[in-house]
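This note is meant for a colleague who is meeting the structure for the first time. Please read the numbered points with the sequence and the model at hand.

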Amino acid sequence: MGIAAFLLCFAGILALVWGIYNKVKAGRVSDAPLVSTADAAGKGAQVANAKGGISAQGRLVCQQPVVSPVTGQQCLYYRLEVKAKWKQGDVTKEKSIEDHRVAAQFCIDDGTGPVWIDATKGGDFDDEKITTQEKGTGLLAGIAGGAIQFGNYTLNAGMFSLGTNYEVKETVWPFTSTGNLYACGKTVNNTIAEPGWRSLIVSGKSRDELLSHATKSAKLSLIGGGAALAAGVLFGILSAVFAEPAEAKVEPVMPVMTTTVAELPAPSASASADTALAVDTGKPAAAKPGAKPAKPSHK
């Protein structure tokens with residue numbers, strides 16, 4: 001029951017986090033005014049909300065998509081992360097070697113005129129694809145340095161890198177030549193860009209579809225997550241209450257060693273009187289028969 005309680009609590013926390021994320025996303029979409037692409041490009045801050053939030057939707061226009069370095073996909077955006085990993089004793093250490101983001105130049109147009117979307121810092125995109133590969137150097141490349149191939153991407157390992165593994169992670173937002181996009185962000189120089197610490201939202205769904213989907217996901221996740229967390233806590237309490245008491249450990253009792261001192265034998269009757277102890281009674285001890293009396297001393 002304890003494992004079930006832990007799993008329920010863990011699943012509940014994940015669902016709550018996902019619910020909060022979607023609730024915040026729905027709030028952002030709801031708060032950002034939906035304007036025409038021409039107004040977003042020409043008026044910018046005049047049609048945005050007090051924090052600069054703005055949104056628009058229209059047909060995607062991209063003359064030249066970028067190509068991802070590992071999988072070679074045409075895309076609107078990709079991120080490449082490269083890490084080196086090695087063992088030091090029992091601890092695995094890692095170091096970031098490369099982390100860069102590349103976005104194509106693209107805009108959306110609802111028929112009134114285009115507005116550019118600045119996705120160079122990434123964002124919350126639909127249908128991202130993630131590819132992760134990990135490889136180590138061979139003996140020769142690990143000593144003298146050499147190239148390691150990850151799809152179309154070549155990594156040059158340094159000298160004396162034997163025992164080092166390299167991990168390459170590619171995140172791709174694929175390009176589709178047709179279709180509409182909804183963009184929600186901040187107006188920056190008459191473009192729609194990332195709003196500070198929050199991410200740019202770009203979706204193939206319309207604003208109404210995205211808002212409905214995010215609101216529904218938030219509601220279901222928060223209810224389900226709360227229920228799972230409550231059930232996990234309840235199971236944990238029940239498992240603690242009804243758990244069988246652990247058997248008391250009985251410590252081995254060491255036997256008490258006793259030493260009996262044997263009684264000394266009584267002195268024999270024939271023992272020499274010379275060894276007998278005189279009891280001081282204040283009277284002179286009786287002389288032995290046949291013994292000469294001691295001469296009185298004259299002082």
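1. Helices (H or I, at least four residues) and strands (E, at least two) are DSSP runs, numbered from the N terminus. By that rule the protein chain has four helices and 14 strands. The model is a predicted one, in which local features need pLDDT of at least 70 and side-chain atom pairs count only at pLDDT 80 or more, while totals for chains, interfaces and linings use all residues. Residues are numbered from 1 along each chain as its sequence is written, and side-chain values use heavy atoms, with hydrogens and water left out.

2. The chain as a whole. Of its 299 residues, 31% count as buried (buried means under 20% relative accessible area, exposed over 50%, partly exposed in between, with a 1.4 Å probe and protein chains only). The protein chain exposes about 20100 Å², and carbon and sulfur atoms supply 59% of that area; accessible areas come from the Shrake-Rupley method with a 1.4 Å probe, and for residues only the protein chains shown count as cover. Among contacts with a separation of 6 or more, 65% are made by residues 24 or more positions apart, a contact being heavy atoms within 4.5 Å.

3. Val82. This residue belongs to strand β3, which covers residues 74–88. Val82 counts as buried because its relative accessibility is 0%. Not counting residues up to four places away in sequence, Val82 touches Lys95, Ser96, Ile97, Glu98, Tyr153, Leu155, Glu167 and Val168. With Val168 the separation is 86 residues in sequence, yet 4.6 Å in space, C-alpha to C-alpha.

4. Asp124. Is Asp124 buried or exposed? Its relative accessible area is 14%, so Asp124 is buried. The residue lies in strand β7 (residues 124–125). Its side chain and that of Tyr21 are joined by a polar contact of 2.3 Å. A polar contact is a pair of N or O atoms within 3.5 Å; within protein, one must be able to donate a hydrogen and the other to accept it, and residues adjacent in sequence count only if both atoms are side-chain atoms. Leaving aside neighbours within four places in sequence, the residues in contact with Asp124 are Tyr21, Lys25, Ser199, Leu200, Ile201 and Val202.

5. Asn180. Strand β12 contains Asn180, which counts as exposed because its relative accessibility is 52%. Apart from neighbours within four places in sequence, Asn180 is in contact with Gly58, Arg59, Leu60, Ser203 and Gly204. A polar atom of the Asn180 side chain lies 3.4 Å from the backbone nitrogen of Arg59. Asn180 and Asp109 are 71 residues apart in sequence, with 8.7 Å between them in space, C-alpha to C-alpha.

6. Two loop residues with positive phi. Asp127 is not a glycine, although its phi is positive at about 55 degrees; Asp127 sits in the loop between β7 and β8 (129–136). Since its relative accessibility is 64%, Asp127 counts as exposed. Asn189, likewise a residue other than glycine, has a positive phi near 50 degrees. Asn189 lies in the loop between β12 and β13 (191–193) and counts as exposed, at 73% relative accessibility.

7. The largest pocket. On a 1 Å grid over the protein atoms alone, a pocket is an open set of points with protein on both sides within 12 Å along at least five of seven lines, and lining residues have an atom within 4 Å of a point. The largest pocket holds about 390 Å³ of space, where a volume is the space filled by probe spheres set on the points, with grid points joined across faces, edges and corners. Of the 16 lining residues, Arg28, Asn49, Lys51, Gly53 and Arg198 lie nearest the centre. Both α1 (2–31) and β12 (180–188) supply at least two residues of this lining, and α1 gives the largest share, four residues. By class the lining has five nonpolar, six polar and five charged residues (Ala, Val, Leu, Ile, Met, Phe, Trp, Tyr, Cys and Pro count as nonpolar, Asp, Glu, Lys and Arg as charged, and the others, Gly among them, as polar).

8. The second largest pocket. Its volume is about 210 Å³. Twelve residues line the second largest pocket, and Asp127, Trp173, Pro174, Thr176 and Leu181 are the closest to its centre. β11 (165–174) and β12 each contribute at least two residues to this lining, which divides into five nonpolar, five polar and two charged residues.

Definitions and conventions: On a 1 Å grid over the protein atoms alone, a cavity is a set of points where a 1.4 Å probe fits but cannot get out, and a pocket is an open set with protein on both sides within 12 Å along at least five of seven lines; lining residues have an atom within 4 Å of a point.
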